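Subject: Structure for you to look at

Hi,

Here is the structure I promised to pass on. Have it open while you read, and I'll walk you through what turned up.

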Amino acid sequence: MNNELSSFDIGHSTIARLGKRMIYLGSIFGQIYGDICGDERGKSPNPYTANLFLRETKKETRNILRHQRYEGFDGLAQQNYMDAISAWECFTKLFFRGDYDGKRLSIKDYLNETYLPHDMWHVPSATRPKWTGAMGLLFDMARRIDYKASHQFKQDIGERQEYVLDVTEFRNRMTLEQRIPELRAYLDDYLQSIGLISSDQRVSLEKYHSEKKIADRIGKLEWSLEINYGDMPHELKRMLLLPSQAPNPESMLDNSTKSWAFDYQLSPMFDCFAWWHSPTRSMRSDPYRFFLHKDPKTGDIKIIKGIAQIVSFHENAHRLQTVMSELMPEGLQWNAGMWDLSALVTAEGVAMYCENFAERYLSEKMEQHGLTANDMDLMRGYRAIYLEKKILSNLYSALSRVENVEIIDYHFAEREMVAALRVPVLRDHFYLYNTSIDEAMYDFNYLFGSIHCGNTMNEFTRRLELIGASQEEAAEWTYANAGVIIQGITTGRWSWNTHGPFFLDFFVPKAIKLGALEMPHDGNSRYLEIAENSTHNYWWDVCGGGVQTL
């Protein structure tokens, strides 16, 4: 990894101060988001916090508009902060300032404001022309669902689905926990293969994880002794636990490697999510996505390895976003406690795009990673249907909010679904995953993020073609330079509006000038010319949007 590539400076003190201010505003918004979209125990909408926040953002917006529109990187950061404030205000007003009849701020308005450029707000859906903008796109996504891929995925899983084991049972959970070190090693293998970590760093990480495993076991034993023998003399416990020097995992890491160390475990019981937590450098894998099962022919306990690996690679992309952004200015890092709606769209879109690199890498290393052709088919099938459920549930959630809050029209949502998708059984809401709008809020980031990141990479391919590369050559060149490309798209905390300009017009030119990238067909100077003359008005192309494949 070239640290200099991910280091950019703010030139004007006004923008630097605004970046620090964004951390404060993001922490307040995090409270608002948690009050609305947190777990059942944490939901408690607080109008005081909302009103305080809107006063603060109004004041900050006035401050920004009072200053000039800056050029270059400062101008991009300025726009990024405005995007964040706009998304924050829109979310807060939807739940605290709307009159709940859809006249002041409807769910359609929220989705448009948060996820689309203004010139897309009134573009009608090809599937359901009465709906425009973001809602229209959701209808079009739903109509393009690949039901054949879903069918094939279920066929490929076959009878193993009937032998899936209960992962809440202690024995089965322990079986899965034994798989975690293997998955973690695969991630570091990949990072080393694309040049993001060195062989020396890889060795240090292995030593760190080995020491940490011992330290964790000692911690569990100490806890057990405290529970059962709370009055045991300290000296005796020390004798039992630490016959030699206590392990010190951190001592295994030098300064260049500390950022890459992380804690990787299964998600807590009944937490059906995989996630990366930036403040604690923790990654969690959803035990249900291992598809732990008993082989009907041999009786062996197995997992569907390809799915477990692609899930871990997705979360690893979020880990990279944290690491790659550490040298960025304040306000453009993934700070603890800061909840940035406009950047979460980019974060999920980038993570899904990085799955393309991972899938091709694993297909080339099948034997090394113990993967079969069936594992790869299941991985591809899982990726194909992953968004399918989110599309249907989120469209239904948005329509249900219109039905129940904005127009009060019983079964409106189901009628719209049937009219658009031509699947009559959807008239019965029993067959639709009914999420409330607060539960759908995060999933919108996957749907629109895949489009925005896809458009950025489509534009990158177009520029490679202008240099002289064919589309196939562009794809091969991108994969061959995966380390630098991934570093670029994971650097910084950018909105969907600013991520494309940063990667295409700031990061890639810097990589060329530093010698980290050599464009095909001796196209360095041509690419720099294209970037220099860019107007940044290229990142939205609905026809070309979506996650690419390599």
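Let's start with helix α7 (residues 170-177), whose buried residues are Asn172, Arg173 and Leu176. These three sit on the same side of α7, because they cover an arc of only 100 degrees around the axis. That arc is taken from the directions from the helix axis to the C-beta atoms. On the face turned away from the buried side you'll find the exposed residues Phe170 and Arg171. The buried residues of α7 pack against α8 (180-193) and β1 (263-266).

Some ground rules before we go on. This is a predicted model, where local features need pLDDT of at least 70 and side-chain atom pairs count only at pLDDT 80 or more, while totals for chains, interfaces and linings use all residues. Residues are numbered from 1 along each chain as its sequence is written, and side-chain values use heavy atoms, with hydrogens and water left out.

Helices (H or I, at least four residues) and strands (E, at least two) are DSSP runs, numbered from the N terminus. Contact means heavy atoms within 4.5 Å.

Next, lysine 305, which lies in helix α11 (residues 305-324). Is lysine 305 buried or exposed? Lysine 305 is buried, with a relative accessible area of 13%. Not counting residues up to four places away in sequence, lysine 305 touches Glu182, Tyr186, His369, Gly370, Leu371 and Asp375.

Now the loop between α18 (496-513) and α19 (524-532), where you'll find glycine 523. Glycine 523 is buried at 2% relative accessible area.

Most residues other than glycine have a negative phi. Phenylalanine 291 also has a positive phi, of about 50 degrees, although it is not a glycine. Phenylalanine 291 is in the loop between β3 (282-285) and β4 (293-294), and is buried at 16% relative accessible area.

Definitions and conventions:
Buried means under 20% relative accessible area, exposed over 50%, partly exposed in between (1.4 Å probe, protein chains only).
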